[in-house]
Amino acid sequence: MTYKSPLLLAGLVGVLGASSLAHAGNEKRNGQSSGQQLLVPVGAVGTALAGAPTASISGLEAIYWNPAGLAASPGSAGMFSYTRWLADINVSYAAVSTSFGRFGSLGLSFKAFDFGEISRTDEDNPDGNGTYSPTFLTVGLTYSKQMTDRILFGMTGKMVSERIVQTSATGFGVDVGLQYRTSANGLKLGVALKNLGTGLRYSGSDLEQKVQLPGQQPGAQNAPLSQIGQKADFPTTFEIGVGYDVPVASSQTLSVMGNFRSNNYGNDNYQLGAQYALSNIVFLRGGYDLLAGESGDSKKDAFNGLSLGAGLNYAMSGTGQISFDYAYKQTQLLSNGTQWFTVKIGF
């Protein structure tokens, strides 16, 4: 089937591209999307590479960046990642996967936000009246398969849940990705359509209040009035990436990669990354995420800028290995930067 690979890839890219155009937008849509938790990166490897490894990411980290890459790692694996995000928000991510041979690979992932205790205020209690803690959670189920000797396909279905006291919203989305690899250490191409789904609409008792209706008899009880929340789309993205491995020496490899991300909620992004690997044990990584279409300070947001990181793989007895990865990401305008810590174990 090797000779069919380019044609198959071109056809699938066309389908994904057409889907993304139907949801395309521009900077005028800033602040109009829901489920912003979906945009917070997970995993130190992809984050250190500034989101550029759409074409080359593999293993459990691929579930977030491009689900096609999950099929590139046989066996079973587990992963845990943590970051202290903006405004002291703790973000935890856990995932497990296993390969079922020719059937493909399945992965299960959980992403949770911890906002801590927030003082609850209203017009009668401006200094506070108790506390509350929002609950944001994303649960995903991923299927990935190596379709040919060069093409990998992956898809993630996910549930997005957000609750703030007695108001909540639940939506469902999907990520679809492809990777095309000319060889084990050669040119790689990748595409991913992410966060395509139902969007979110908030509802709940906190959107209800008792009011006196026009013409109501004096002394009558106030009637309940419900406010209907407006539905907002997920922050859908369409990404096209390329990667290439450059052998430096017998035990050293330099991987370079680039990515273009089209957003339906704001400006597009250009992302560049590079990774140096020594004996597949020590890794040094770096990248830069550039916001397109603006200039000066308007070319900055909380997600773009410089990223740096490092990793260490340790082979255990048998075929198992454990890896530790770290990433630092510049978060302009809102803080001095954030850090990611990731642990992965595979068999």
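Biologist: In what sense do E16 and strand E17 pair, and over how many bridges?
Modeller: E16 and E17, the latter being residues 305-315, pair in the antiparallel sense, with 8 bridges between them. This is a predicted model, so that pairing, like everything below, is read from predicted coordinates.

Biologist: Which residue of E17 stands opposite Arg 285?
Modeller: Gly 309 of E17 is opposite Arg 285.

Biologist: And how is E17 joined to E18?
Modeller: E17 and E18 (residues 321-329) run antiparallel and are joined by 9 bridges. In this pair, Tyr 314 faces Ile 322 of E18. The hairpin of E17 and E18 has 5 residues between the strands, and there Gly 318 has a positive phi near 80°.

Biologist: Which residue other than glycine has a positive phi near 55°?
Modeller: Asn 280 has that phi. Asn 280 sits in the loop between strand E15 (269-278) and strand E16 (282-291). Ala 50 also has a positive phi, near 60°. As background, most residues other than glycine have a negative phi.

Biologist: Where is Ala 50, then?
Modeller: Ala 50 is in the loop that links helix H2 (44-48) to helix H3 (62-65).

Biologist: Is Ala 50 buried or exposed?
Modeller: Ala 50 counts as buried because its relative accessible area is 4%, and the cut-off for buried is under 20%.

Biologist: Changing topic. Lys 188: which strand is it in, and is it buried or exposed?
Modeller: Lys 188 lies in strand E9, residues 187-197. Lys 188 is buried, since its relative accessible area is 4%.

Biologist: What does the Lys 188 side chain have a polar contact with?
Modeller: The side chain of Asp 245, at 2.6 Å. Beyond its neighbours within four places in sequence, Lys 188 is in contact with residues including Ala 55, Ser 56, Tyr 180, Arg 181 and Gly 243.

Biologist: How far apart are Gly 186 and Gly 243?
Modeller: They are 57 residues apart in sequence and 8.1 Å apart in space, C-alpha to C-alpha.

Biologist: What does Ile 57 touch?
Modeller: Not counting residues up to four places away in sequence, Ile 57 touches Val 45, Ala 62, Trp 65, Asn 66, Gly 69, Gln 179 and Arg 181.

Biologist: Last one. What is the mean pLDDT of the chain?
Modeller: The mean is 86, and 87% of the residues reach 70 or more. Over residues 1-10 the pLDDT is below 50, with 14 contacts beyond near neighbours in sequence. Residues 18-25 are also below 50, with 8 such contacts. Where pLDDT is low, the predicted coordinates should not be read in detail.

Methods: Residues numbered from 1 in each chain as written. Heavy atoms only, no water. pLDDT = per-residue confidence, 0-100. Contact = heavy atoms within 4.5 Å. Helix = DSSP H or I, 4+ residues; strand = E, 2+ residues; numbered from the N terminus. Buried < 20%, exposed > 50% of the residue type's maximum accessible area, 1.4 Å probe, protein only. Pairing = 2+ DSSP bridges. Polar contact = N/O pair within 3.5 Å; in protein donor to acceptor, adjacent residues only side chain to side chain.
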